[in-house]
Amino acid sequence: MQTGSPSRQPHLKAALLALVIAAIALAASLLWCTRLERRYIHALAPEFTPEKLQGAALQKHAFSQPDLLVLYGSSELVKEMPNNATQFFQDYPTGFRVFPVGKPGTSSLSVLQKVAAVGDDIKGRKVAFSISPGWFFTEVFAPEYYEGNFSNMQAFELAFSTHLSFELKRDVARRMLDFPNTLDDRALLNFTLWRLAGDTMVDRLLYAGTWPLGRIYCAVGQMQDHFEAALHILDVDEKLNPVPVRGMGVMKWSEMLKRAAKLANAAATVQKKKDEVKKKHLPRASRDKSLLPGTAREWTDLELLLRVFKELGAEPLLLAMPIEDIRLEVAGLSPLPRTAYVQRLNALATKYQMPLADFREHEKDNDFLVDFLDHLSAEGWMYYNKALDDFYHGRFTNR
């Protein structure tokens with residue numbers, strides 16, 4: 001006895017065949033994208049494109065390469081400055097190249113979403129994070145910074161991560177909800193974050209209910225990420241060299257640091273004098289309380305980032321710019337908040353067993369930073385570079 005209409009069966013077979021062909025074509029396209037990304041990942045290292053910063057595919061490829069060291073940070077990464085890590089390690093002078101990820105306004109809350117989107121591809125991999133002290137000078141930073149760095153794809157990867165604990169996702173969700181503008185017209189993400197943040201039995205059941213749809217959304221986002229990365233590579237293909245120049249050599253750090261100090265001195269002094277004059281017109285009331293532990297929300301976000309590193313099994317290096325004496329003087333601060341800042345940073349690094357370079361020995365060095373906006377000078381970058389080099393080669397010790 002026939003179970004279906006003879007006239008309908010050919011249509012069903014044709015539809016099934018079309019789905020199979022479409023699936024094969026999609027799989028082949030994704031494979032082609034992945035191979036293209038892998039081929040050009042070293043050449044893409046110096047870029048600061050949306051495909052690199054707002055996605056995860058290129059960051060994942062970077063972590064898979066033993067001769068690339070991912071460095072997360074903020075505006076210091078993109079500011080033109082001699083000796084910046086991207087430029088300094090461009091030709092693999094000691095066997096690796098830095099892969100910078102960041103742009104102006106990239107705080108810990110933005111970085112942790114990027115790391116969460118990378119997922120377990122970061123497990124067992126070395127990674128560096130540059131900490132800007134300016135984030136700790138104010139209780140709540142302008143939301144425009146976070147909004148300008150927000151990635152829908154990365155946020156979904158965090159909300160529906162299979163590698164992070166529910167408790168950690170809950171705590172991150174509560175911070176993400178402090179920026180409602182990023183959730184406009186994103187009903188599913190908004191609903192999911194509220195369920196994570198609520199953490200009641202009903203919330204957990206509703207979160208579980210959204211899980212299948214959320215994972216589908218993540219899969220679509222990952223495919224789109226691959227296609228956008230591949231299209232970008234094709235667009236700039238003529239400018240990229242898939243086989244970068246490599247120049248191995250022995251680094252004479254003492255001599256290089258001396259040269260960097262001379263190079264940085266003039267430029268840094270001029271810029272800082274301009275900023276000092278400008279700041280003298282501002283109220284000079286003491287702002288000590290603004291930097292004491294527990295007042296800035298960045299402390300919460302930094303610890304959340306360290307928890308993400310920990311749960312994903314990463315091997316991070318924390319690089320913290322020093323707060324120089326001249327900065328305290330111009331901002332009307334005593335050494336007390338700086339001491340509290342350094343102590344809390346070290347306490348967090350100890351708590352999560354992560355190496356920290358706080359460069360406190362450079363607090364009297366007015367030329368370590370080029371301005372009061374957390375931008376390293378040529379000299380400051382050279383000290384960063386030495387720490388990165390020691391870390392990559394397993395020679396780093398807390399300083």
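Student: Okay, which residues of α3 are buried?
Tutor: Keeping in mind that this is a predicted model, the buried residues of α3 are A57, L58, Q59, H61, A62 and F63. That makes 6 buried residues out of 8, and the helix is mostly covered.

Student: How many strands form the open sheet, and in what order?
Tutor: There are 5 strands in the open sheet, arranged in the order β2-β1-β3-β4-β5, and their pairing is parallel. At the edges stand β2, residues 97-101, and β5, residues 356-357, and each has a single partner strand, so one side of each is left without a neighbour in the sheet.

Student: And which strands does α3 touch?
Tutor: Helix α3, residues 57-64, packs on the sheet and touches β1, β2 and β3, with its direction making about 135° with that of β1. Helix α5, residues 108-118, also packs on the sheet, touching β1, β2 and β3, and its direction makes about 145° with that of β1.

Student: How many bridges join β1 to β2?
Tutor: Strand β1, residues 68-72, is joined to β2 by 5 bridges, and the two run parallel; Y72, for instance, has V101 as its bridge partner in β2.

Student: What about β4, why is it largely enclosed?
Tutor: Of the 6 residues in β4, which spans 315-320, 5 are buried, so the strand is largely enclosed by the rest of the structure. It is joined to β3 by 6 bridges and to β5 by 2 bridges. Its residue L318 is the bridge partner of F129, and L318 also stands opposite L356 in β5.

Student: Changing topic, how many salt bridges does the structure hold?
Tutor: The structure holds 18 salt bridges. In one of them R338 pairs with D325, their closest N and O atoms being 2.7 Å apart, and this links helix α14 to helix α13 across 13 residues.

Student: Are those two buried or partly exposed?
Tutor: R338 counts as buried because its relative accessibility is 9%, under the 20% limit, whereas D325, at 25%, counts as partly exposed.

Student: Which lysine does D325 form a salt bridge with?
Tutor: D325 forms a salt bridge with K364, the closest N and O atoms being 3.2 Å apart. D325 lies in helix α13 and K364 in the loop between β5 and α15, so the pair ties together parts that are 39 residues apart in sequence. K364 is exposed, with a relative accessible area of 69%.

Key
Residues numbered from 1 in each chain as written. Predicted model: local features only at pLDDT ≥ 70, side-chain atom pairs only at ≥ 80, totals over all residues. Heavy atoms only, no water. Pairing = 2+ DSSP bridges. Helix = DSSP H or I, 4+ residues; strand = E, 2+ residues; numbered from the N terminus. Contact = heavy atoms within 4.5 Å. Axes fitted to C-alpha atoms, helices over the stretch in contact; angles between N-to-C directions. Buried < 20%, exposed > 50% of the residue type's maximum accessible area, 1.4 Å probe, protein only. Salt bridge = Lys/Arg side-chain N within 4 Å of Asp/Glu carboxyl O.
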